[in-house]
Amino acid sequence: MSVFAFGSCFRSSPVNAIYHPSFTEEGDLVDSIAYFESSMPSSVQLYVEASGSMNGFFRSNKVTAFKADVWSIFSNFKPLANGIYVFENGRTPRQVLLDNFQTYMNQGKFLSAYSTQVPEMVESILSQLNPERGEVAVLVSDMKYSPTGRKDMQVRVSQYASDIRNTVNRYPISLSLIAAYSQFLDKKGNSICDCSPYYFLVMGKAKYVTRMRNHIATMLSQFGHYAGSIDMGMEYQQPQFTLSRIDNALLLDKQPTLYGIDTEYNDTCSFTIQADVKDYPWGMIDGEVFKKCLKVKMTEGSTCLIDTVTFDVDNTVDKMLNRRATAMIRVKVTDMIAAADVMEWSLDIPDHVGLENFQPFMGAQSENEVNKTYSLEGFLQGCNSVKSNFCGKQPNRILLSKNE
């Protein structure tokens, strides 16, 4: 009789009182969720544009943040790189040994009269890249597309977004555009702009691009010359997470399940979702931006309030280029009428996250505006038209139950 009573009690009050298919009756999660995780690439192809509009960064024997930062970043990836490729005519890059590159750059040997040919450079790079083998390409450029010397220059500029779209659409890649800034010097070596933008364009598979973006942006931040980044065509899934600071519930061991909620004691169950967002856009590390990306649904109609979102970020864990970024989402669940409920939550990453950091560099009327980037809008428009960020359709789930 006692055995039967125990069994009946167990069956009549399971933790998963609503028998949600994502959980067992005992509250164990059975979903198979794909999480996004970055990885180091197998190799890195380093490219630099040498054109007339870049001359202010390359002045002979003159110090610029550009030279210091590019050399620091490139030399850091020396174990993964086969050398450096320099675009001196916009089409066919010339290979330069890493150590020679430092000397040539410092001595002004990359001064050029050529115009910037972004579509041709991107096409040349991607045609040689093997993303499936873990290869990543990094192009350093001011991204000023201005095909000077052509009678149809203005027509070409008006078609720029379409040309970029057609180029990147042919390759299964993701991209990250990282903005930096440096002094820009005139021919006499005088700075005519202390905040002239240039970019690191990273191309390859999403998990490798993300790791490179984290490394490059971290180093630029350490130097004080990071301006922002924007990701395109990323294959985001959902972030891994844990639960902490739980009030009015118990945590089922190693499960996203809270049980024993006592609504007579308190109508509110509060807890914190600690989400790993180290591989998500840096522009999301903002409470208001993050809340706009956060999608929440309660399957049984309880009220869910996202109270606060704070962050714990360290880009150099153990003094290494090892980013840690945790979003701490404070949640309050009330009006829990059913015996249990499931909170479904996910991140929906729009294509424009981080774009606000690029706004100061937009709106140039000519490439001679060294504090802005001529035709930057066309490049972003072309990429975003075919490389939207993708997020996993299956949300993360948290089971909340009054039963014990």
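Trainee: What volume does the largest cavity have?
Mentor: Its volume is about 40 Å³, taken as the space filled by probe spheres set on the grid points. A cavity is a set of points on a 1 Å grid over the protein atoms alone where a 1.4 Å probe fits but cannot get out, and lining residues have an atom within 4 Å of a point.

Trainee: What sort of model is this?
Mentor: This is a predicted model, in which local features need pLDDT of at least 70 and side-chain atom pairs count only at pLDDT 80 or more, while totals for chains, interfaces and linings use all residues. Residues are numbered from 1 along each chain as its sequence is written, and side-chain values use heavy atoms, with hydrogens and water left out.

Trainee: Back to the cavities. How many are of 30 Å³ or more?
Mentor: The structure has three of them.

Trainee: And which residues line the largest one?
Mentor: The lining consists of Tyr35, Phe36, Glu37, Gln238, Pro239, Gln240, Asp276, Lys278 and Asp279. Four of these residues are charged, three are nonpolar and two are polar.

Trainee: New topic: why is β5 said to be largely enclosed?
Mentor: Strand β5 covers residues 174-185, and ten of its twelve residues are buried, so the rest of the structure largely encloses β5. Buried means under 20% relative accessible area with a 1.4 Å probe, protein chains only. Strands are DSSP runs of E with at least two residues, and helices are runs of H or I with at least four.

Trainee: Which strands sit alongside β5?
Mentor: β5 is joined to β6 (residues 191-204) by eleven bridges, and the two run antiparallel. Six bridges pair β5 with β7 (residues 226-232), also in the antiparallel sense. Pairing requires at least two DSSP bridges between two strands.

Trainee: Which residues face each other there?
Mentor: Towards β6, Ser176 stands opposite Val202, and Tyr181 has Pro197 as its bridge partner. Towards β7, Ile178 stands opposite Ser229.

Trainee: How many residues lie between β5 and β6?
Mentor: Five residues separate the two strands of this hairpin, and Gly189 in the turn has a positive phi of about 90°.

Trainee: Is β6 mostly covered or mostly open?
Mentor: β6 is mostly covered, with ten of its 14 residues buried. β6 also pairs with β4 (residues 135-141) in the antiparallel sense over five bridges, where Ser141 and Tyr199 are bridge partners.

Trainee: Now the core. How many residues are in the largest nonpolar one?
Mentor: That core has 74 residues, and Phe74, Phe101, Phe200, Phe271 and Leu400 have the most contacts inside it. Helix α7 (residues 206-223) supplies the largest share, seven residues. Such a core is a set of buried Ala, Val, Leu, Ile, Met, Phe, Trp, Tyr and Cys residues joined through side-chain atoms within 4.5 Å. Apart from this core lies another, of 33 residues, including Tyr160 and Tyr199.

Trainee: What does Phe200 touch?
Mentor: Beyond neighbours within four places in sequence, Phe200 is in contact (heavy atoms within 4.5 Å) with residues including Phe74, Val138, Ile178 and Leu220.

Definitions and conventions. Buried means under 20% relative accessible area, exposed over 50%, partly exposed in between (1.4 Å probe, protein chains only). On a 1 Å grid over the protein atoms alone, a cavity is a set of points where a 1.4 Å probe fits but cannot get out, and a pocket is an open set with protein on both sides within 12 Å along at least five of seven lines; lining residues have an atom within 4 Å of a point. Ala, Val, Leu, Ile, Met, Phe, Trp, Tyr, Cys and Pro count as nonpolar, Asp, Glu, Lys and Arg as charged, and the others, Gly among them, as polar.
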